[in-house]
Every structure is written in C-alpha cells, then in structure tokens.
Amino acid sequence: MFSSRYWREIPQRYRMEAAKCSGCGTVSFPPRLICPKCKGRTFEKVRLPDQGKVLTYTVIHVPATPFKDEVPFAIAVVELDGGVRITSQVVDCDPATIRIGQRVRTEFRKLQEVGDAGVLCYGYKCVPA
Amino acid sequence: MREVAIVGVGMTRWGELWEKSLRDIYVETALLAMEDAGVDRIDSMVVGCMSSGLFVGQEHLGSVLADYLGQAPVPATRVESACASGGLAIRTGFMEVASGMSDIVLVSGVEKMTDVDGGDATYALGTAADQEYECYHGITFPGLYAMMARAYMHQYGLTREELAAVAVKNHENGSKNPLAQFPMQVTIEQVIGSVLVADPLRILDCSPITDGAAAIILCPLDQAKKISKNRPVKIIGSGHATDSIAYHSREDLTSLEAVAKAAERAYKMAGVGPDAIDAVEVHDCFTIAEILAIEALGLVERGKGRTAASSGLTAIGGKIPVNPSGGLKSKGHPVGATGVAQVIELVKQLRGECGERQVKNARRALAQNMGGSGGSSIVHILEVG
Ligand SMILES: [Zn+2]
C-alpha cells in the first residue's frame with residue numbers, strides 16, 4: 001500500500017473519526033462529502049464509540065495474499081453503539097466461540113505488513129467486550 | 001426506442017485454459033456468435049470484463065480485441081461492473097441498438113483468471129468490494145457471502161443441508177451442459193464434507209476460478225429476419241441498479257436490494273411479473289447467493305428461498321427452473337463473461353436447443369447478474385420473437 005493511501009486514512013483507522021451530518025444527524029464512517037440521507041454538506045467531526053455487537057461473522061480459511069500467514073481468522077460485521085457498522089476482525093478469542101449478538105469492543109492493533117520493507121499498517125480490530 | 005433482438009450466440013467450453021490467451025478466447029467466441037447469426041460484419045462492439053488489468057496486466061481491451069478480431073476501426077467499448085460486467089455489456093449494446101446508433105452490435109464478456117495464483121485471484125476479486133473498509137481488514141468474497149449465509153441462517157433457520165441442495169441441483173444441471181467447467185454431479189454429503197473456505201461456506205458452495213468468454217449478436221427486431229436466419233429472441237426488459245459498496249452498510253444483511261430494484265425496473269419495462277417467467281439464470285457465485293437472488297426477484301417470498309432447491313421447486317422440471325445451465329457453480333465463473341453466458345443459455349432454452357436440460361415450453365426467461373456482494377445488479381428479460 002502506497003504511503004499516501006495509508007496516511008490519508010489515519011484519522012479513521014487510528015482514531016475512528018466519523019462525520020455527523022449537521023442537518024439530519026446521520027453519522028457516516030468513513031466521513032463523506034455529502035450525507036447519504038439528506039444530501040447535506042456540513043458535518044461535525046465525531047469519534048465512534050468503541051463498544052458494539054456482532055451482527056454476522058465468518059472465519060476465513062482461504063485468504064487474499066496479504067493475509068496468508070494469519071488463517072484461520074474471524075471477521076465480522078459489527079454494529080457500534082449508535083448504529084454505525086464496520087467490518088472488523090474479531091481477535092483474542094477462539095473463532096468457534098463467536099456468536100451473533102455478542103458484545104465486542106474495538107482496539108488499536110496492527111492490521112497488515114505491506115511491501116518488501118514490511119511497512120506496518122495499524123487500525124481497529126474487535127475483541128470480546 | 002427500437003425493439004432489440006438477439007440473433008446469434010457463441011460460447012466455448014470454459015475451464016483452466018492455460019494454452020489460450022484472453023484475446024484467443026475472446027476471438028473464438030466472437031466468431032462463433034457471428035457465424036451463428038450469419039453476419040460477416042458488425043457496426044460496433046461492447047466488451048464486459050472485470051479486471052484484465054489485475055488478471056493479465058492488459059487494459060484498453062476495446063482496441064486490443066477489435067484489432068485481434070480483425071474489426072478495427074469499428075467503435076469498441078469496454079464496460080465494467082465487477083462480476084456484472086457481462087450483464088452491463090448486454091445492457092450497453094441493447095441501448096446502442098435501441099437508440100438507433102448502431103444496427104449490428106457484437107456484445108461479449110471475457111475473463112482470463114488463471115494467469116495469476118489463487119491468492120492474487122482472491123485479491124483481484126476483492127477489488128469489487130470496498131477495498132479500504134472491507135478488504136483492508138482481511139475479508140474475501142467468499143467471506144462476504146459467508147456472512148450473508150450466517151445472517152440468513154440466524155434469521156430464517158436455513159440449514160447446512162438446504163444450502164448444499166443448491167450446489168447439488170446446479171451440478172446436476174451442469175452435468176447435462178457440454179460447455180460446463182465442472183460437469184460432475186455432487187451429493188449433499190460431499191458439499192458438507194468439502195474443505196472450508198469461509199465458514200459456513202465450503203469449496204463446493206463456491207463458484208470456481210475460470211477462463212472463458214461468451215458472445216452474442218444484437219440487432220433491431222424489425223431487421224432481424226433480413227440479417228439472420230435464426231429465430232430472434234427479443235430483449236423485452238432491462239434493469240440495472242446499485243447499492244452501497246460495503247456489505248456492512250446495507251440495512252438488511254439478508255437481502256439483495258440492487259437485485260430487487262433491477263428486477264422491478266426490468267419487469268416494468270417488459271410489462272410482466274415474476275409469474276410470467278418460464279426459466280431463470282441467477283448469479284449463484286455462492287450457494288447462498290441463489291437463495292437471496294430468487295427472493296429478490298420475487299420468484300419466492302422472503303425467507304422461502306431456503307427450501308427452493310431441496311424441495312425441487314427450482315429443478316429443471318420444477319415450477320421455477322433456476323440455473324438450467326448449471327449456473328456459475330458448475331458452468332464456471334469467468335467473472336466478466338458470466339452475464340453474457342447466462343443470456344446465451346436462455347436464448348438456447350427459448351430456441352429449444354438445450355437437449356437433456358431443456359425447460360419444456362419456455363417462452364419467457366430472466367437473467368440476473370450481480371456485481372460484488374450486491375453493489376450492482378443487472379436483470380434482463382427475454383421472450384421468443
Ligand atoms: Zn444528513
């Protein structure tokens with residue numbers, strides 16, 4: 001991943017910054033330039049809550065190349081409190097114990113090592129709450 | 001708008017075609033379609049291809065393929081909507097003929113997927129999802145559909161056996177299709193016992209990695225008799241819709257709204273509803289996708305798709321035959337070519353050329369092609385001319 005592509009996502013990946021529409025209150029993550037609900041164009045920067053629940057999940061056994069050393073790993077659609085949804089790995093637990101409805105919280109973790117130099121890319125992963 | 005007919009089809013057997021290049025498989029099928037239609041010239045060509053850039057390192061496909069087909073300087077347009085690129089190519093060609101811009105249009109789909117290894121193919125397919133907020137975290141395409149399957153199991157009580165029945169049916173149909181990549185029949189036990197790809201989906205729930213192409217010839221209906229000796233098949237409905245690119249942003253995680261919307265538009269244009277359809281090809285990239293697609297198309301009620309295969313409803317002799325070709329599951333899934341091959345199967349069904357897998361008295365048929373995890377879908381409705 002080229003550094004500019006990684007760098008510009010840092011506010012979202014490190015601090016989970018989202019955009020709250022000044023018109024209708026819809027929270028977009030990642031932030032957008034136009035509100036998908038009311039088409040408003042003014043936003044307030046907010047941080048997403050770190051608590052949420054699993055809506056659905058899978059355990060990846062056949063990965064894309066960048067994740068070939070990590071299988072099997074669990075990944076889920078998580079609805080954070082307040083309603084914003086993310087796709088995130090669920091770690092620090094046996095994947096077989098994950099359930100729909102389970103409470104989780106996000107933590108700051110290493111996500112990928114990229115390129116020959118092994119540049120470390122960080123972001124959020126979920127752990128059981 | 002002019003009425004549009006399909007007067008020629010061309011397809012070769014799909015598979016791991018290591019001895020052939022992308023341009024070879026394209027030209028072979030394009031020539032077959034032209035021969036089938038009985039035309040020796042075209043006014044324009046449209047090519048659907050998802051990712052020749054990542055799979056073979058070649059872009060600018062319109063020119064490459066017009067050149068190698070010996071048709072330069074005709075206008076050539078490449079279109080892309082991930083795995084729905086073939087369906088979008090048909091829609092683009094349909095609009096070109098309907099508008100009066102061109103009379104004879106060659107529409108193709110092509111994908112050459114086995115020049116890269118499995119991990120890189122998985123990566124390339126992942127570009128149809130949200131790269132930054134889905135794939136970046138390690139999700140794969142089977143993984144996205146596995147999450148749909150898990151959510152649907154939770155909501156509607158879908159069993160592992162009911163899911164496997166979709167693969168069993170489609171391989172049964174594909175065993176009667178000489179062009180299918182994997183014509184072998186499979187049992188429920190084999191599907192359930194096959195290796196895990198993304199829990200709960202196993203390898204026999206997944207469509208394969210395939211090299212392949214498919215081509216059709218479109219022309220105005222009122223010129224069809226003059227242009228070709230084949231009985232024309234009319235395109236009476238075309239619908240196209242999009243949805244959020246990230247699966248997690250969809251309000252209902254068990255529903256494919258782009259499919260429902262595209263179908264609604266196609267039914268409206270055709271002036272018919274789901275009851276009027278005799279044969280259906282849907283985008284069964286994974287077993288769960290067929291269940292969600294037939295629900296979104298209105299062929300069965302929400303939550304009832306789960307038993308459609310196991311009860312025989314969607315078998316060739318059933319009330320709503322789905323994927324008589326064997327579907328993506330058995331026929332293969334060269335992503336950009338799939339949407340065109342679906343329509344070829346239905347043209348052959350409507351012409352009554354399908355032999356052992358023929359749906360009796362088929363007069364009207366529907367094809368549903370899907371991009372990504374449902375970020376786009378294209379639906380076409382065909383009728384005997
Ligand atoms: Zn708003």
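1. The second largest pocket of this predicted model has a volume of about 660 Å³. Of the 34 residues lining this pocket, B:L125, B:C206, B:S207, B:P208 and B:I209 are the closest to its centre. A pocket is an open set of points on a 1 Å grid over the protein atoms alone, with protein on both sides within 12 Å along at least five of seven lines, and lining residues have an atom within 4 Å of a point. The volume is the space filled by probe spheres set on the points.

2. Helix α5(B) gives the most to this lining of the second largest pocket, with five residues. Helices are DSSP runs (H or I) of at least four residues, numbered from the N terminus.

3. The zinc ion has as protein donors A:C21 (SG), A:C24 (SG), A:C35 (SG) and A:C38 (SG), at 2.3 to 2.4 Å. Donors are N, O and S atoms within 2.8 Å of the metal (3.2 Å for Na, K and Ca). In sequence, the spacing of these donor residues is C-x2-C-x10-C-x2-C.

4. A:C35 is buried, at a relative accessible area of 1%, whereas A:C38 is partly exposed, at 35%. Buried means under 20% relative accessible area, exposed over 50%, and partly exposed in between (1.4 Å probe, protein chains only).

5. Residues are numbered from 1 along each chain as its sequence is written, while chains are lettered from A and ligands numbered from 1 in the order in which they are written. Local features need pLDDT of at least 70, side-chain atom pairs count only at pLDDT 80 or more, and totals for chains, interfaces and linings use all residues; side-chain values use heavy atoms, with hydrogens and water left out.

Methods:
On a 1 Å grid over the protein atoms alone, a cavity is a set of points where a 1.4 Å probe fits but cannot get out, and a pocket is an open set with protein on both sides within 12 Å along at least five of seven lines; lining residues have an atom within 4 Å of a point. Helices (H or I, at least four residues) and strands (E, at least two) are DSSP runs, numbered from the N terminus.
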